[in-house]
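Subject: Structure handover

Hello,

Here is the structure I promised to pass on. Please open it alongside this note.

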Amino acid sequence: MNIKTYILGPIDANNYLLTDSDEAVLIDCSEIHQEILKELENKKLKYILLTHGHFDHVLGVNGMREKTGAKVLVNKSDVKRMEESANIMQTFGVQGINTPTADSYIDDGDVIRFGNTEIKAIATPGHTEGGMCYLVDDKLFSGDTLFRGTVGRCDLPGGNFQKLSDSVKNKLFNMTEDVTVYPGHGPETTIAYEKKYNEII
């Protein structure tokens, strides 16, 4: 499996394109980006997996689905967050945003397959009600649940620090320490580093 990172959208969210053979998955979709479409010229984008429904991670899903035929998956508890996207963008002075929508829902323990790769979905509520992480072997795509040295904010609608703390300490920190973490913003890290230095400890 190959991973390419694209920093996109109004507040620089990490979008991750995973490819294996002639198939691909995109984790979060902040905008329609020509480099991603070029990378997909000889591949089928099967899924767009959303870590959560905040506007900066979902603004490109409608257009990317239209261009690729990919299925958009989100945890059902975050549909409300997706529905807020158009209104939030108006506060940035951007008009005419169509509300991002999902094709189906994903939940804790679900397994997504593409090429010869399996992705395990892990529910990590706290930053939002329906926050999800995605584990591929020793690679964790953590969305806005876990960052290098810190965790996602909990002061937005749907946020809950106690749930976030539980998600990080009792799910993510139980993984093997050599797991590489690919967060929703900022640089990569590892479970070992976060167990030692993260502010939530």
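This is a predicted model: local features need pLDDT of at least 70, side-chain atom pairs count only at pLDDT 80 or more; totals for chains, interfaces and linings use all residues.

Residues are numbered from 1 along each chain as its sequence is written, and side-chain values use heavy atoms, without hydrogens and water.

Sheet. Six strands form an open sheet with mixed pairing, in the order β7-β8-β9-β10-β13-β14. Its edge strands, β7 (111–114) and β14 (189–190), each pair on one side only. Strands are DSSP runs of E, at least two residues, numbered from the N terminus; two of them pair if DSSP finds at least two bridges between them. Strands β10 (residues 139–143) and β13 (residues 180–183) run parallel, joined by four bridges. Phe 141 stands opposite Tyr 182 in β13.

Helix. Helices are DSSP runs of H or I, at least four residues. In α6 (residues 161–170), Leu 164, Ser 165, Ser 167 and Val 168 are buried (under 20% relative accessible area, 1.4 Å probe, protein chains only). Seen down the axis of α6, the buried residues fall within an arc of 160°, so they line one face of the helix. The arc is that of the directions from the helix axis to the C-beta atoms. These buried residues pack against β11 (146–147) and β12 (150–151), with contact meaning heavy atoms within 4.5 Å.

Pocket. The largest pocket is lined by 14 residues; His 54, Phe 55, Asp 56, Arg 153 and Leu 156 lie nearest its centre. A pocket is an open set of points on a 1 Å grid over the protein atoms alone, where a 1.4 Å probe fits, with protein on both sides within 12 Å along at least five of seven lines; lining residues have an atom within 4 Å of a point.

Best wishes

Conventions. Buried means under 20% relative accessible area, exposed over 50%, partly exposed in between (1.4 Å probe, protein chains only).
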